[in-house]
Amino acid sequence: MSDSILVRITLDSYDMASTGRQTQVYVQIPEVASASWLLSSDLFHRLKDRPWPEVMDVVRDYVTYGGLASNSSATAAWAAVMEWLRDPANRDEMQAAWEADQEQRHPVARKLRARVAELEAELAKYVGHEPTVAEEMAYLKERSAELEALELGAVNGRTSASCGNPDHPTWLRKLDDKRGCPWCRIAEMGGAA
Ligand SMILES: [Zn+2]
């Protein structure tokens, strides 16, 4: 992944001369610069889950107001990174890189994001477009078909049936019962008698 924007925040002992750990912020911006800075250990928890542009803001404060050992190559890299970040488009790009990085690390976030994308696509269909009467009707038909399916669902192995004659009530029949409407049959018998 050497060709992507990357910020890594780690807590470790980097300086053999000093005891105790420090927070290292490593920044890599392709074709611009890569550099790392050591900050105090207490910054680790403050920085580790922050969006990368905000992490860079914190580092900038430390660079600007001291508290950082620097050498000339780090200073040049820092200047290049800061210059690059002054462009809002680059800042957005770094933010997007952070979001992609978060998704890779957190599968649940990845799934939620996929779901959000689905819902956004669904919503996009209606942007600047009130649902038409036909769409409303189609929606209502779908819902009522679902309800009907529920209502006609098998009850203890039986299912409700109707012959279509509005005067004949629906009845429950076994799934293998092929006999027709009892009210029709009664009427037929009456007619035959
Ligand atoms: Zn009938």
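## Sheet, core and helices of a predicted model

Leu-11 stands across from Thr-23, a residue of strand S2. The model is a predicted one, in which local features need pLDDT of at least 70, side-chain atom pairs count only at pLDDT 80 or more, and totals for chains, interfaces and linings use all residues. Residue numbers start from 1 along each chain as its sequence is written.

Helices (H or I, at least four residues) and strands (E, at least two) are DSSP runs, numbered from the N terminus. The chain holds seven helices and five strands, and along the sequence the pattern is β-β-β-α-α-α-α-α-α-β-β-α.

S1 and S2 pair in the antiparallel sense over seven bridges; two strands count as paired if DSSP finds at least two bridges between them. Three strands form an open sheet in the order S1-S2-S3, with antiparallel pairing. Its edge strands are S1 and S3, each of which pairs on one side only. From one strand to the next, the twist averages 15°. Helix H2 packs on the sheet and touches S1, S2 and S3, and its direction makes about 60° with that of S1. Axes are lines fitted to C-alpha atoms, for helices over the stretch in contact, and angles run from 0 to 180 degrees between N-to-C directions.

| Element | Residues |
|---|---|
| Strand S1 | 6–12 |
| Strand S2 | 22–29 |
| Strand S3 | 33–40 |
| Helix H2 | 52–64 |

A residue is buried if 20 or more other C-beta atoms lie within 10 Å of its own, exposed if 12 or fewer, and partly exposed in between, with C-beta atoms placed from the backbone. Buried residues are 9% of the 193 in the chain. A nonpolar core is a set of buried Ala, Val, Leu, Ile, Met, Phe, Trp, Tyr and Cys residues joined through C-beta atoms within 7 Å. The largest such core has 16 residues, of which Val-7, Val-25, Val-27 and Val-55 touch the most other members. S1, S2, S3, H2 and helix H3 (72–85) each supply at least two residues of this core. H2 gives the largest share, five residues.

Beyond its neighbours within four places in sequence, Val-55 is in contact (backbone-placed C-beta atoms within 7 Å) with Val-7, Ile-9, Val-25, Leu-47 and Arg-50.

H5 reaches 26 Å from its first C-alpha to its last, close to the 26 Å expected, a span taken as 1.5 Å times one less than the number of residues.

Glu-31 lies in the loop between S2 and S3, and its phi is near 65°, a positive value in a residue other than glycine.

Definitions and conventions:
Two residues are in contact if their C-beta atoms, placed from the backbone, lie within 7 Å.
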